[in-house]
Amino acid sequence: MKDRISFSSDYTKGAHPMILQRLQETNFEQIVGYGTDDYCKQAADKIKKSCNAKDADVFFLVGGTQTNQTVIDMLLEPYEGVVAAQTGHVAAHEAGAIEFSGHKVLTLPSFNEEPQFTDKEKPCYSDQVGKIKGADLKKLIDDFYADDNHEHMVFPGAVYISHPTEYGTLYSKAELEEISGICREYGIPLFLDGARLGYGLMSKRTDVTIEDIARLVDVFYVGGTKVGALFGEAVVFTKGVPVKHPVPVIKQHGALLAKGWLLGLQFDTLFTDDLYMKISKNAIEMAEILRNKLVERGYQIYIDSPTNQQFVVMEDNKLKELSEHVSYGFWEKLDDTHTVVRFATDWATTVEDIDTLFKYL
């Protein structure tokens, strides 16, 4: 349909026009492969400068699931697992990719709380859902080592968090510092999934910068697939690479691109003239407009998300009608007549897109 619009996710569009322009300009250059080219070096230098981590190691991988699987496999011994929120992407939405690589995901509750449906002016859940608590992490580790049989169990070998979380919520600087401190106390690396990192950094309610992340975690990645690139993620090891030869490991996981300069060129563009942050800010501004309009129309906001993912409770009859014109993300069935859906804005969402959506809401 001509005016059909999609808010189903933040990777439903191609790439920022400046990236497409540079890809066109360089299309007939003959460039060495596997990330050994000058574009990758330039991009890595710009990323390291942006997070004030000149000694970091940067690698460009093809996608989010491959990145999570590759990094976690690098961080863990064969007998170790990774600690994550039970709602974390590696625990819930990657088809068992971590387990497929031979490692267990050890889950923690993600700030469970009772939903509040009494006031339509307030979200059912606060901005704390989707995250792990430092106290829960410490208890898991302490309980493991207190068990006399722990030598026969899966060791907690790394901690995985995402920022933003699957629920669009964010860690505060204090929460990151607490989790980071616990990881360092026990000698466990901390890995931050930044598939939507730009949207977290540009949120109006965050006190976390990319410099804070580089300081507090052992490895994180800058998401490109969801933030303006055709594909690709930039992995930043801030405290040294945990394996002797990282490139073969990346290749074993299907995450190494032969035409690696296509990744480097994209991130070089995104980190020129602050483009990554500028386009991420657009998604936040559009999400704020979207949320305000939803509230004005009397819809119940499900989660108090300060980022580009907005969750709303809708009647099933309305959804059936809406689906003829709008793509949205199914989240969960609430009851016999209501469903929670996700509307995701992105780097290219416009006010006109939102106006089209509200023609059908």
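Author: Let's start with β10 and β13, which pair in the antiparallel sense over seven bridges. Here a strand is a DSSP run of E with at least two residues, a helix is a run of H or I with at least four, and both are numbered from the N terminus; two strands pair if DSSP finds at least two bridges between them. In this pair, glutamine 309 sits opposite alanine 344 of β13.

Before going on, some ground rules: this is a predicted model, where local features need pLDDT of at least 70, side-chain atom pairs count only at pLDDT 80 or more, and totals for chains, interfaces and linings use all residues. Residues are numbered from 1 along each chain as its sequence is written, and side-chain values use heavy atoms, with hydrogens and water left out.

Now the whole sheet: it's open, with four strands in the order β9-β10-β13-β12 and antiparallel pairing. At the edges are β9 (300–301) and β12 (329–333), each pairing on one side only. Two bridges tie β9 to β10 (residues 309–315), and glutamine 300 faces valine 313 in β10.

As for β13 itself, six of its seven residues are buried (under 20% relative accessible area, using a 1.4 Å probe and protein chains only). Helix α12 (residues 275–296) packs on the sheet, touching β9, β10 and β13 (338–344); contact means heavy atoms within 4.5 Å.

Conventions:
Axes fitted to C-alpha atoms, helices over the stretch in contact; angles between N-to-C directions. Buried < 20%, exposed > 50% of the residue type's maximum accessible area, 1.4 Å probe, protein only.
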